[in-house]
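Hi,

Here is the structure I said I would pass on. Have a look, and then read on for what turned up.

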Amino acid sequence: MPEQPPELSDLAERQQQIVTRTQLLGVGFDDMYLYRQTRRGLWQRVLPATYALVSGTLTDEQRRISAALYAGADAQLTGLAALIWYGFRHSPRTADVHLILPHHVRRRSAGHAVIARALELDPRARRAALYPVCSPARAVVDAARDLRHLRPVRATVAEAVQRGFTDLASLDVEIRRARRSRTALIRKAFAEITDGARSAPETELRECLGSSRVLTEILWNPRLSAADGARLPTPDGYLAECAVALEVDSREYHLGPADWARTLDRHNELSRHGVLVLHFTPAQIRREPGRVRRTVEDAYAARRGVGGGTGVRAEPISPG
């Protein structure tokens with residue numbers, strides 16, 4: 001068995017034990033040796049002309065590296081694989097690695113490497129150690145174009161904006177770039193966010209209450225102020241006529257214990273000024289929308305006309 005050349009050891013270490021056939025031939029191995037190593041189970045051929053010099057299941061990073069090496073130097077990581085690389089928590093998981101290539105490059109998808117040709121690569125792509133990664137805005141739009149249901153698209157778009165991965169202007173640019181090609185779901189999710197909904201569960205609450213024949217206008221993410229002009233916390237929704245605030249609460253959608261504590265402080269501050277705060281979890285909204293709607297309707301009926309007596313003023317604000 002030939003001794004592994006030092007240059008291969010260095011290369012394999014840099015590339016997390018993923019190498020191409022060209023790289024292996026370049027350090028003196030031949031195709032028969034590659035064949036014997038894979039037959040013995042010492043190496044594995046993970047993609048065409050792409051090898052892992054270890055056995056066992058590849059890590060997420062090894063899958064990304066192997067897909068990028070297979071696709072070539074012009075490839076950019078995008079879609080769900082890029083969102084996983086950025087650290088998105090609420091986007092769907094996938095074992096596939098999506099990449100885009102210039103339109104003239106003829107490289108086909110294989111195994112976990114899913115390749116699409118693009119008329120324009122992302123000029124704002126970020127350079128990782130071994131491959132470029134599309135900007136968060138481009139990756140979100142590309143991911144949404146491959147999803148078939150609105151809920152994960154909502155969650156992904158909301159997380160992108162809430163956690164500061166990207167902004168509405170950048171998303172708008174990417175949606176316009178994609179035009180009408182499989183963008184119906186992300187256009188809807190984007191419209192909901194620009195219309196005032198800040199998260200996927202808040203959007204579902206809006207849909208849940210939108211079918212009510214009892215409730216009057218609900219202000220979403222309004223600016224509230226006390227009788228003396230002091231600013232009050234902004235609830236997810238507010239019924240001014242009855243001074244009822246609506247909050248979507250879940251540790252899943254808060255970043256940590258400090259954020260959870262701030263939610264409780266907001267509740268207490270609104271209650272101190274005579275506002276009734278109703279809390280709902282994403283699971284309740286999703287699984288029991290009728291019950292959630294009845295709870296809000298009952299509170300509205302019981303407190304109708306109370307809003308004027310609290311001195312709390314509400315006005316809508318544009319999303320930022």
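Phe29 and Trp43 are both buried, where buried means under 20% relative accessible area, exposed over 50% and partly exposed in between (1.4 Å probe, protein chains only). Before going further: this is a predicted model, so local features need pLDDT of at least 70, side-chain atom pairs count only at pLDDT 80 or more, and totals for chains, interfaces and linings use all residues. Residues are numbered from 1 along each chain as its sequence is written, and side-chain values use heavy atoms, with hydrogens and water left out.

**Aromatic pairs**

The structure holds five aromatic pairs. Rings of Phe, Tyr and Trp (its six-membered ring) pair if their centres lie within 6.5 Å; planes under 30 degrees apart count as stacked, over 60 as edge-to-face and the rest as tilted. The ring centres of Phe29 and Trp43 are 6.0 Å apart and their planes are at 75°, so this pair is edge-to-face. It links distant parts of the chain, 14 residues apart: Phe29 sits in the loop between helix 2 (21-26) and helix 3 (31-39), and Trp43 in the loop between helix 3 and strand 2 (44-47). Helices (H or I, at least four residues) and strands (E, at least two) are DSSP runs, numbered from the N terminus. Ring pairs also link Phe29, Tyr33 and Trp43 into a cluster.

Phe88 and Phe165 form a stacked pair, with 4.2 Å centre to centre and 20° between the planes. Phe88 is in the loop between helix 5 (79-86) and strand 5 (97-102) and Phe165 in the loop between helix 7 and helix 8, so the pair ties together parts that are 77 residues apart in sequence. Phe88 and Phe165 are buried.

One more ring to look at: Arg107 lies over the face of Tyr70, at 4.7 Å from the ring centre. The cut-offs for a charge over a ring are NZ of Lys or CZ of Arg within 6 Å of the ring centre and within 35 degrees of the ring normal.

**Helix 8**

Which residues of helix 8 (residues 168-178) are buried? They are Leu168, Ser170, Leu171, Glu174, Ile175 and Ala178. Seen down the axis of helix 8, these buried residues fall within an arc of 160°, so they line one face of the helix; the arc is that of the directions from the helix axis to the C-beta atoms. As a reminder, an α-helix has 3.6 residues a turn, so residues three or four places apart point the same way. On the other side of helix 8, Ala169 and Arg176 are exposed. The buried residues of helix 8 pack against helix 6 (136-146), helix 7 (150-162) and helix 9 (184-194), with contact meaning heavy atoms within 4.5 Å.

**Positive phi values**

Arg182, in the loop between helix 8 and helix 9, has a positive phi near 55° and counts as partly exposed at 45% relative accessibility. Gln17 has a positive phi too, near 70°. Gln17 lies in the loop between helix 1 (6-14) and strand 1 (18-20), and is partly exposed at 28% relative accessibility.

**Helix 10**

Eight of the 11 residues of helix 10 are buried, so helix 10 is largely enclosed by the rest of the structure. Among these buried residues are Ala200, Pro201 and Glu202. Their packing partners include helix 7, helix 9, strand 13 (244-248) and helix 13.

Helix 10 (residues 200-210) and helix 13 (residues 289-303) pack at an angle of about 70°, with their axes 9 Å apart. Axes are lines fitted to C-alpha atoms, for helices over the stretch in contact, and angles run from 0 to 180 degrees between N-to-C directions. The two helices are therefore roughly perpendicular; angles under 35 degrees count as roughly parallel, over 145 as roughly antiparallel, 65 to 115 as roughly perpendicular and the rest as oblique. Leu205, Cys208 and Leu209 of helix 10 make the contact with Pro289, Val292, Arg293 and Val296 of helix 13.

**A buried histidine**

His98 lies in strand 5 and is buried, with a relative accessible area of 17%. Leaving aside its neighbours within four places in sequence, His98 is in contact with Gln76, Leu77, Thr78, Ala81, Val114 and Asp146.

Cheers
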